[in-house]
Amino acid sequence: MREHPAVERTGPLYMRTGDLSMKVGIVGCGFIGSTLAYTAAGMDEVEEVLLLDTEADRVAQISNATPKARGVEGLDEMLASADLVVEAANQAFVAEHGR
């Protein structure tokens, strides 16, 4: 298993030992996605929150509320930029854009 340089394995638990910084992508900015976005933006370990939604006003509302968040143009940009992607979209979006 590949270890992250900021994580030290001690017994059954992993403990943070250094700087762990990541970009989190969130697909879908409804109730669940926006809650995840605000929560991730408040975490020290999260450098940036990337947002994707079919409704631009949802992305704008979150981006305006937290400096860590920004919208991306599409799924390809998110996949190329994010360390972790969370899908919180509706079934129609997933059916159309799922791979």
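Begin by selecting Lys23 and Glu48, whose side chains meet in a salt bridge with an N to O distance of 3.6 Å. This pair links distant parts of the chain, since Lys23 lies in strand S3 (residues 22-27) and Glu48 in strand S4 (residues 46-52), 25 residues apart. Bear in mind from the outset that the model is predicted. Colouring by accessibility separates the two partners: Lys23 counts as partly exposed at 23% relative accessibility, whereas Glu48, at 16%, counts as buried, because the cut-off for buried is under 20% relative accessible area.

With the four residues displayed together, you have a network of salt bridges that links Lys23, Glu48, Arg70 and Glu77.

Next, select Asp53 and Arg58, another salt bridge, in which the closest N and O atoms are 3.6 Å apart. Here Asp53 counts as buried at 16% relative accessibility, while Arg58 is partly exposed with a relative accessible area of 31%. In total, the count for the model comes to 5 salt bridges.

Now hide the side chains and show the strands as a cartoon. Which order do the 4 strands of the open sheet follow? Reading across the open sheet, the order is S5-S4-S3-S6, and the pairing is parallel. At the edges are strand S5 (69-71) and strand S6 (84-87), each of which pairs on one side only. Neighbouring strands of this sheet are turned against each other by 25° on average, when direction is ignored.

Zoom in on S3 and S4, the two strands that hold Lys23 and Glu48. These strands run parallel and are joined by 6 bridges; to find one of the pairings, select Met22, whose bridge partner in S4 is Val46.

From the sheet, move to the helices that pack on it. Helix H1 (residues 31-41) touches S3, S4 and S6, and its direction makes about 160° with that of S4. Helix H2 (residues 56-65) also packs on the sheet, touching S4 and S5, with its direction at about 155° to that of S5.

Stay with H1 and select its buried residues, which are Gly33, Ser34, Ala37, Ala40 and Ala41. Turn the view until you look down the axis of H1: the buried residues fall within an arc of 130°, so they line one face of the helix. What do the buried residues of H1 pack against? Their packing partners are S3, S4 and H2. On the face of H1 turned away from its buried side, select Phe31 and Ile32, which are exposed.

Finally, colour the chain by pLDDT before reading any local geometry closely. The mean pLDDT of the protein chain is 84, and 79% of its residues reach 70 or more. Residues 11-15 deserve a separate selection, as the pLDDT over this stretch is below 50, although the stretch has 10 contacts in the model beyond near neighbours in sequence. Where pLDDT is low, the predicted coordinates should not be read in detail.

How values were computed. Residues are numbered from 1 along each chain as its sequence is written. This is a predicted model: local features need pLDDT of at least 70, side-chain atom pairs count only at pLDDT 80 or more; totals for chains, interfaces and linings use all residues. Side-chain values use heavy atoms; hydrogens and water are left out. Buried means under 20% relative accessible area, exposed over 50%, partly exposed in between (1.4 Å probe, protein chains only). Two strands pair if DSSP finds at least two bridges between them. Axes are lines fitted to C-alpha atoms, for helices over the stretch in contact, and angles run from 0 to 180 degrees between N-to-C directions. Contact means heavy atoms within 4.5 Å. pLDDT is the predictor's confidence in each residue, from 0 to 100. The arc is that of the directions from the helix axis to the C-beta atoms.
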